[in-house]
Amino acid sequence: MEFIQSNVYPNLYLVKNEIKNRDSLNSIIKKRVVEKIDLNFIANGKKYTENTHKAPYAALAFYNYSKSSRLSVFQDYGTAYFIDHEEDLGGFSVEDLSMYQNEKLATFNIHPYKKDSTQYYGVLEYYRNGNVMKTDTIVLQKNK
């Protein structure tokens, strides 16, 4: 199993040759999330909490690696398209990450606590066939 980080969306990871055991896959993804969120994330809060053009949809997103085996004139190049290309929402062909909801494996987002906006927690959602199947909450500690 291999994690391929997108060259245009640093928060996007494609999982190539994913293992089929979902519990093991989820455990490996969670370990990767914990590794990627640096311990002093508060100083880099915007990097993790804003959905921007450079980081769409989630602070971290994991999709199954897929690549169309046929020439496609209109769309469906697979998630591999997003390794080196930004979403293309117009023109003759359209490539939008939301077209690949069934390939989504997990998303991770950071939220402030309602009673203490200086403290944060992370929500890791695991997907199957485009639907959330399981959620983990990760407590994030601010370095002092």
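Student: Hi! In what order do the elements of the protein run from the N terminus on?

Tutor: Hello! This is a predicted model, and from the N terminus its elements run β-β-α-α-β-β-β-β. That gives two helices and six strands in the protein.

Student: And what order do the strands take in the sheet?

Tutor: They form an open sheet of six strands, ordered β1-β2-β3-β4-β5-β6, and the pairing is mixed.

Student: Which strands stand at the edges?

Tutor: Those are β1 (2–5) and β6 (131–140). Each has a single partner strand, so one side of each is left without a neighbour in the sheet.

Student: By how many degrees are neighbouring strands turned against each other?

Tutor: On average by 20°, if you ignore direction.

Student: Let's zoom in on β2 and β3. How do they run, parallel or antiparallel?

Tutor: Parallel: four bridges join β2 (residues 12–16) to β3 (residues 60–64). Along that pair, Leu-14 stands opposite Tyr-63 in β3.

Student: Nice. Now the helices: which strands does α1 lie across?

Tutor: Helix α1 (residues 22–36) lies across β1, β2, β3, β4 (104–112), β5 (120–128) and β6. Against β5, helix α1 runs at about 150°.

Student: Switching topic, what share of the residues is buried?

Tutor: Buried residues make up 40% of the 144 in the protein.

Student: What about contacts between residues 24 or more positions apart?

Tutor: Such pairs account for 50% of the contacts in the protein with a separation of 6 or more.

Definitions and conventions: Residues numbered from 1 in each chain as written. Predicted model: local features only at pLDDT ≥ 70, side-chain atom pairs only at ≥ 80, totals over all residues. Heavy atoms only, no water. Pairing = 2+ DSSP bridges. Axes fitted to C-alpha atoms, helices over the stretch in contact; angles between N-to-C directions. Contact = heavy atoms within 4.5 Å. Buried < 20%, exposed > 50% of the residue type's maximum accessible area, 1.4 Å probe, protein only.
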